[in-house]
Amino acid sequence: MGYLFVPEKDVYTFALESDDGSFLWIDETLVIDNWADHEAKESRGKIQLEKVWHSLNVSYYENYGDASIKLFWVMNGIKEIIPSENLCCRKEVALPKKRDLPMEIKLPDYFFSAIPTGN
Ligand SMILES: [Ca+2]
């Protein structure tokens, strides 16, 4: 789980390729349902996003044989890795507390229930 920032208000297309199954959640919306046993297979989904930070959550499972998971967005028709400046918070980095977030970061309250309180 992390955060995603989009450069402008628009409808965005995401592509999730996984072996086996995966989900992509953005805020409280299931954007991509790729949840089934299969070899590496891409599914795409669209969502309208405001120019703010959004919670990003990829769920994944592996059942048999090879295993892989890749997330892309599609910008101007080109599938590309989401630039690191549009993503925040690796797992090992302490996540910000709600009160520490800049005003323009609006996240649903449920997101904060999963954030460690820290010191
Ligand atoms: Ca597999």
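Of the 119 residues of the chain, 16% count as buried, a residue being buried if 20 or more other C-beta atoms, placed from the backbone, lie within 10 Å of its own, exposed if 12 or fewer do, and partly exposed in between. The structure is a predicted model, in which local features need pLDDT of at least 70 and side-chain atom pairs count only at pLDDT 80 or more, while totals for chains, interfaces and linings use all residues. Residues are numbered from 1 along each chain as its sequence is written.

The chain has 1 helix and 9 strands, which are DSSP runs numbered from the N terminus (helices: H or I, at least four residues; strands: E, at least two). Along the sequence their order is β-β-β-β-β-β-β-β-β-α. Mean pLDDT, the predictor's confidence in each residue on a scale from 0 to 100, is 84 for the chain, and 75% of the residues reach 70 or more. Confidence is highest in strand E5, at 98, and lowest in helix H1 (residues 109-112), at a mean of 52. Over residues 113-119, pLDDT stays under 50.

Two residues are in contact if their C-beta atoms, placed from the backbone, lie within 7 Å. Among contacts in the chain with a separation of 6 or more, 62% join residues 24 or more positions apart.

Strands E7 (residues 68-75) and E8 (residues 78-81) pair in the antiparallel sense over 4 bridges, where pairing requires at least two bridges found by DSSP. Valine 74 has lysine 79 in E8 as its bridge partner. The hairpin of E7 and E8 has 2 residues between the strands, and asparagine 76 takes a positive phi near 55 degrees there.

Alanine 40 lies in the loop between strand E4 (29-34) and strand E5 (41-49). This alanine counts as partly exposed because 13 other C-beta atoms lie within 10 Å. Beyond four places in sequence, alanine 40 is in contact with Glu17, Ser18, Asp19 and Ser68. Alanine 40 and isoleucine 69 are 29 residues apart in sequence, with a C-alpha to C-alpha distance of 8.0 Å.
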